[in-house]
Amino acid sequence: MSPQKDFDLALSTKWFTKDPPSFPLLSMKALGPCTSTYTWTYEQDFSDTTKTLTCAVLFTDTKAITKVRVTWKRSDPLGTVTAEQKHYPPPLSPSEEDLDKAHKQYGENIAAWAEDTVGTTVGDGECWTLIQRALADLAATYTKYGKEPPLLSQGRTHGHPILTLTAPSVGSNAGLLQLADIRRGDILELKSAHFHTITEEAPVK
């Protein structure tokens, strides 16, 4: 993957002066789903106040991160603003051995957690909330006993992405889940899907 180029920070819009700031920026959202955090700091002198806004955006599909630091004086934001951005590449893709280890460590517990909630409503009832709660609860338990916790949900990504599938036509991707070695406890996030049951009748003798 080529290094991430600097984003257009659109400083002329003064998004950084708003509370909360208008972040992530449109240029960042264009790359795909992302989540963000930010912090403020202030320095006061006799004549003015210098503000610094530090933001971070995580691209949930790739796990790449960009951090942005914007500094300006309150009396003249556009005339004094400076900005810098740093980009952190996605982590290395896990090996087959890593994925197999993660499945053995987390898969059964994730599936069992979900099965234990059958017949109940988890949070607001959304499917995203179900798996987010499952991973959060399991992470807390693993951490409590000094074990490495599973990755938490980041947007529409839950753990390490191992398959992205776009079906151009019905039935065109039949069998790909098996080929991708999808196992019990793996999480499928579906943006749009259609399910149907095929019943095969025994031949009449």
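## How H3 crosses H4

Helix H3 passes helix H4 in a right-handed crossing. A crossing is right-handed if the near helix is turned clockwise from the far one by less than a right angle, and left-handed if anticlockwise. This is a predicted model: local features need pLDDT of at least 70, side-chain atom pairs count only at pLDDT 80 or more, and totals for chains, interfaces and linings use all residues. Residues are numbered from 1 along each chain as its sequence is written, and side-chain values use heavy atoms, without hydrogens and water.

H3 covers residues 96-116 and H4 covers residues 127-144. They pack at an angle of about 125°, with their axes 10 Å apart. That makes H3 oblique to H4. Angles under 35 degrees count as roughly parallel, over 145 as roughly antiparallel, 65 to 115 as roughly perpendicular and the rest as oblique. Axes are lines fitted to C-alpha atoms, for helices over the stretch in contact, and angles run from 0 to 180 degrees between N-to-C directions. Helices (H or I, at least four residues) and strands (E, at least two) are DSSP runs, numbered from the N terminus.

## Where the helices touch

H3 brings Gln105, Tyr106, Asn109, Ile110 and Trp113 to the contact. Among their partners in H4 are Leu130, Ile131, Arg133 and Tyr142. Contact means heavy atoms within 4.5 Å.

By class, the contact of H3 with H4 has 9 nonpolar, 2 polar and 2 charged residues. Ala, Val, Leu, Ile, Met, Phe, Trp, Tyr, Cys and Pro count as nonpolar, Asp, Glu, Lys and Arg as charged, and the others, Gly among them, as polar.

## The sheet

An open sheet has 4 strands in the order E1-E2-E3-E4, with antiparallel pairing. Its edge strands are E1 (34-44) and E4 (82-88), and each pairs on one side only. Two strands pair if DSSP finds at least two bridges between them.

E1 and E2 (residues 49-59) pair over 11 bridges. They form a hairpin with 4 residues between them. Serine 36 has valine 57 in E2 as its bridge partner.

## Aromatic pairs

The whole structure holds 7 aromatic pairs. The rings of phenylalanine 7 and phenylalanine 59 have their centres 6.0 Å apart and their planes at 25°, so the pair is stacked. Rings of Phe, Tyr and Trp (its six-membered ring) pair if their centres lie within 6.5 Å; planes under 30 degrees apart count as stacked, over 60 as edge-to-face and the rest as tilted.
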